[in-house]
Amino acid sequence: MEFVSPEGLRLDGRRPMEMRQIRGEIGAVAKADGSAFFEMGNTKVIAAVYGPREVENRSQQISDQALVRCEYTMANFSTGDRVRKPKGDRRSTEISLVIRQTMEACILTHLMPRSQIDIFVQVLQADGGTRSACINAATLALADAGIPMRDLVTSCSAGYLNSTPLLDLNYVEDSAGGPDVTVGILPKLDKVTLLQMDAKLPMDIFENVMQLAIEGCKAIANYIRELLLENTKQLEYRRGP
Amino acid sequence: MKVMHLFRFLKLLLFSSLEVVLGNKTLKKMVSANVSGDLSSEMEVDAFRRLFPLRYHERFLLDSIRPDARPLGRARDTSLALGAVASADGSALAKIGCTTMLAAVKMEVMTPPKESPDEGSIAIEFYMPPICSPLVRPGRPAEEAPVVSKQLSDTILSSGMINLKELSLVSGKAAWMAYLDIYCLDADGSLFDAALLAAVAAFSHLQIPVVSLNEDGRVVVVSEENEEGKSEKEPVNKGKRKLTLSSLPFSLTCILHKNYILADPTAEEESIMETLVTVVLDSSGQLVSLYKPGGPVLAYASAVQDCIALTRQRVKELKSILNEAISDMEVD
């Protein structure tokens, strides 16, 4: 099947280096300490952060650090066929672990000992790149909750189909069987915190694809930064003189 | 068209929280007698609210008002957006104040049981994922979730809103199974009301997909690309259809406290004043269900009559909100 037409257009009309339309909103869940809604194309995700709060299981309390927990769930209606087991299955557990470790690396946990930070991510609509959308939403939610972090974490995926590196795969391109490289970076510090790939890829092409994904991450980071600035301005305005 | 839905969906998520913040601020200035505007008086009000919640609320009730400036009988701002989930056959996002519910219907074909070969079936599930409230944790599911789930299931099936015979495809061989999943995205009181509104809206938005019999005699969903030129596959049901819904149920939850009746409680009010009464009326004004699960306040019949009267008014509001949302969809 042809994923990149001879004119250089993908199945949904994008260019190979073009990302899907992204949109983020802060404060989606009123009850949470911090929350955000993030979408990349048709993938829509809500993240909520509760914390720092008291550890519910005393035996898991860490005396010099905060405990970070993360849970990734998909809504039953999020994919084309109704998902029977939205959480507790292997994929959800793996993604929960990945998100937790990624965010834990950038949260300044030593500032909040003996406490717990819960990150909950709910996928409302899945169209490829849910992992990346979840990490971006979690970053926004953590910022909204005022939890101290070393830097933002942004994530994007890239692939290689029809001999072309493609940025931000959707579900059809992802299930085509080509490689899927997901990268998560700390943009200001310019460090890579998450890097996952499946399928085979020659080394030099891998470097190109990874570089493309990193460019995507930086673009998302710029957008998130603007969003947070706008949000802070609004908070300041609402607070009054 | 999709961009419009997106925008509405997002706008709804944020709309109410802004208003609540502004409302609270003006109220704090009202409550603290010395309107000095400094932070210490605001913190004292917050501390009083946390330490003595009942007395805090009763101060407001004496003036027949509530902390968010609502009169006792008024419900919070309600909004609806249909078609929030593009991948589902019917969906709706309902917001009552900050309480947000996302409902989606997905249709699958199944073989009907022998006792009712001409009827389809509906399966209703209500979920409270941990994002909705600080009290819900992964190891500790919310105790309201199965209660609301059962209430919803009973109310929708017993109200007769959906005629199960409409869900039949080929008598005895194939019928529709409609899976309705409702997710609570933000739990701030009146969960049942918001969930019922979302469920009714999702069914109003539902469009049954076109199916046809393929060579094995199985019913298969016809995707839009194959519609032209496939005359061997005769659709079993012509065109995407909507369900005819009769007597839509709408509800209102009230709290009884001493001799006050508070309509549409927030989560804070529900946790301190525990006697809830939920009344479900259908669009023709008939009583569908009444639910008062115990509670410290014992109600005379007059209190229940007052609740029913409040619900009647609320049903009118909800009907107009639903009709507006449906006509918004059709304009697009």
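This is a predicted model: local features need pLDDT of at least 70, side-chain atom pairs count only at pLDDT 80 or more; totals for chains, interfaces and linings use all residues.
The charged end of B:Arg55 sits over the ring of B:Phe52. Its distance from the ring centre is 4.8 Å.

The ring centres of B:Phe48 and B:Phe52 are 5.7 Å apart, with the planes at 50°. Stacked pairs need planes under 30 degrees apart and edge-to-face pairs over 60, so this pair is tilted.

B:Phe48 has 26% relative accessibility, so B:Phe48 counts as partly exposed. B:Phe52, at 38%, is also partly exposed.

Go to chain A next. Select A:Tyr50 and A:Phe120. Six aromatic pairs are counted over all chains. In the pair of A:Tyr50 and A:Phe120, the centres are 6.1 Å apart and the planes stand at 55°, so this pair too is tilted. Colour by secondary structure. A:Tyr50 lies in strand 3 (residues 43-54) of chain A, and A:Phe120 in strand 5 (residues 115-125) of chain A. The pair links distant parts of the chain, 70 residues apart. Both A:Tyr50 and A:Phe120 are buried.

Last stop: back to chain B. Select strand 11 (residues 275-282) of chain B and strand 12 (residues 287-291) of chain B. These strands pair in the antiparallel sense over four bridges. Pick out B:Thr278; opposite stands B:Tyr291, in strand 12 of chain B. Then move to the turn of this hairpin, where four residues lie between the strands. B:Gly285 takes a positive phi there, near 85°.

Note on methods:
Residues are numbered from 1 along each chain as its sequence is written. Chains are lettered from A and ligands numbered from 1 in the order in which they are written. Side-chain values use heavy atoms; hydrogens and water are left out. Rings of Phe, Tyr and Trp (its six-membered ring) pair if their centres lie within 6.5 Å; planes under 30 degrees apart count as stacked, over 60 as edge-to-face and the rest as tilted. Helices (H or I, at least four residues) and strands (E, at least two) are DSSP runs, numbered from the N terminus. Buried means under 20% relative accessible area, exposed over 50%, partly exposed in between (1.4 Å probe, protein chains only). A charge sits over a ring if NZ of Lys or CZ of Arg is within 6 Å of the ring centre and within 35 degrees of the ring normal. Two strands pair if DSSP finds at least two bridges between them.
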